[in-house]
Amino acid sequence: MRVAVASTGRTADSQLDSRFGRAPVFMVYDTETGEYQAVDNGMNLNSAQGAGIQTAQNIAATGAEAVIGANFGPKAVLVLQTASIRMYLCQSGTVAEAVEKFKAGELQELTAANVRSHW
Amino acid sequence: MRIAVASGKGGTGKTTVAVALAVSSGVPAQYVDCDVEEPNGSIFLKPAAGSTETVSVQVPEINEERCTSCGRCARFCRFNALVSLGTPPLVFPELCHSCGGCEIVCPADAITWKDVPVGEVSIGQDTRTGLRVIQGKLKVGSVLAPPVIKAAKAAASNLPLTILDSPPGTSCPVIEAVSGVDYVLLVTEPTPFGLHDLTLAVDTMEELGLPFSVVINRADEGDDRVENYCRENDIHVILRIPHSRRVAEVYSRGGTLVEALPELSRVFREIPGEIEGRLG
């Protein structure tokens, strides 16, 4: 299965990005091959509105079944749930560390938004 | 004649100037509060209860029986108000700008429209002056100010003088408020913030091709940078309002500028005529 991680950079040792919709990169990890793929999310950095919605669509397009991030807003959560993508919380560390915690079952699953909507 | 009172910076005295202009005119006039996020002209004008109408915008509804989940509507939408994941689209009505594009690109005729209220427009009459008072008010939680401003302007009747009290800033609500007016008064104050935001407002008016003059409020305070800026850029200063404890006292009781400084009444009455002269 594929897991997308909100990242500040394009490598596995990049720090996590605390934002979901405006994270510049998602590192998509394949649990079968152990490989990472960097997916550019930069088009949403400057979008006036709906960055979380667009980002959720981008993640759905990667075929990821799970996503790791620090904060998820209500609109992003609705789109991710519609796409049957599970959300896991990880507040800090690197992408690789987050993936290890995910594989060890240490990350808390999110079932509702943990931050409010903003514009 | 339609005169909009705008500014870059908030709190410079737009409403103070707009109300003073409207009550001093001496001709049948109306005051339109286009500052729909925080309309406060009625604190000073005290209109008797009149009529109120709801302002709505249209947002798409998806007929899921007709929808083929092709996703064209979601790809078209620039505002991310529609999302399709191989499913009939999710709709986020608060992001929709009612452009109608989704309906045009839908090959299955699956998009219909429903009204969503975003605010209201009330029309009343100031009991003391007979002034017609129109107020747009954005609904709490709604972010679409321009449709409410447009509706408030549309409610204005054809009187000799219309004063539009604009929101602050230089973005969409301001553009909507000032578009189509004959003249704009930019209210500022002699402070670094006042100057900075005045330059933004001047750029906006020049971009829109609207003629304007500047009103300097609390003119004897602060520094002379606003005066210098106006002189260097050939910008007409139509009025300087003195800083006065008396104005603050009357204002704090809901009184108008011309009640505080009656000598300004004649000055404000002559402003529309002066603007007419400048327009030639």
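A residue counts as buried if 20 or more other C-beta atoms lie within 10 Å of its own, as exposed if 12 or fewer do, and as partly exposed in between, with C-beta atoms placed from the backbone. By that criterion, buried residues make up 45% of the 280 residues in chain B. The model is a predicted one, in which local features need pLDDT of at least 70 and side-chain atom pairs count only at pLDDT 80 or more, whereas totals for chains, interfaces and linings use all residues. Residues are numbered from 1 along each chain as its sequence is written, and chains are lettered from A and ligands numbered from 1 in the order in which they are written.

View 1. The C-alpha atoms of chain B fill a box of roughly 70 × 45 × 35 Å along the principal axes, and its secondary structure comes to 11 helices and 11 strands; helices (H or I, at least four residues) and strands (E, at least two) are DSSP runs, numbered from the N terminus. With a contact defined as two residues whose C-beta atoms, placed from the backbone, lie within 7 Å, 73% of the chain B contacts between residues at least 6 apart in sequence join residues at least 24 apart.

**View 2. The open sheet of chain B.** In chain B, 9 strands form an open sheet of mixed pairing in the order β3-β6-β7-β2-β8-β1-β9-β10-β11, where two strands pair if DSSP finds at least two bridges between them. Strands β3 (47-62) and β11 (237-240) of chain B stand at the edges with a single partner strand each, so one side of each is left without a neighbour in the sheet. Neighbouring strands of this sheet are turned by 20° against each other on average, direction ignored; axes are lines fitted to C-alpha atoms, for helices over the stretch in contact, and angles run from 0 to 180 degrees between N-to-C directions.

**View 3. Strand β1 of chain B between its partners.** Strand β1 (residues 2-6) of chain B pairs in the parallel sense with β8 (residues 161-165) of chain B over 4 bridges, and with β9(B), also in the parallel sense, over 4 bridges. On the β8(B) side, B:I3 stands opposite B:I163 and B:A4 stands opposite B:L164, while B:A6 stands opposite B:L186 in β9(B). Because 4 of the 5 residues of β1(B) are buried, this strand is largely enclosed by the rest of the structure. Helix α7 (residues 192-208) of chain B lies across β1, β9 (183-188) and β10 (212-216) of chain B, running at about 165° to β9(B).

View 4. Helix α1 (residues 14-24) of chain B is mostly covered, with 11 of its 11 residues buried, among them B:K14, B:V17, B:A18 and B:L21. Just after α1(B), B:G26 takes a positive phi of about 80°. A nonpolar core is a set of buried Ala, Val, Leu, Ile, Met, Phe, Trp, Tyr and Cys residues joined through C-beta atoms within 7 Å. The largest such core has 112 residues, and those with the most contacts inside it are A:V5, B:V5, B:I163 and B:L186. Helix α1(B) gives the most to this core, with 7 residues. Domain 1 (2-55 + 121-279) and domain 2 (64-109) of chain B both contribute residues, so the core lies between them. Not counting residues up to four places away in sequence, B:V5 touches several residues, including B:K14, B:V17 and B:A18 as well as B:I163, B:L185 and B:V187.

**View 5. The open sheet of chain A.** In chain A, 6 strands form an open sheet of mixed pairing in the order β3-β2-β1-β4-β5-β6, with β3 (36-40) and β6 (108-110) of chain A as edge strands that each pair on one side only. Neighbouring strands here are turned by 30° against each other on average, direction ignored. Strand β1 (residues 2-7) of chain A runs parallel to β4 (residues 66-69) of chain A, joined to it by 3 bridges, and A:V3 has A:A66 as its bridge partner in β4(A). Helix α3 (residues 95-103) of chain A lies across β1, β2 (25-30), β4 and β5 (86-89) of chain A, running at about 140° to β1(A).

Definitions and conventions. Domain bounds come from an automatic or database domain assignment.
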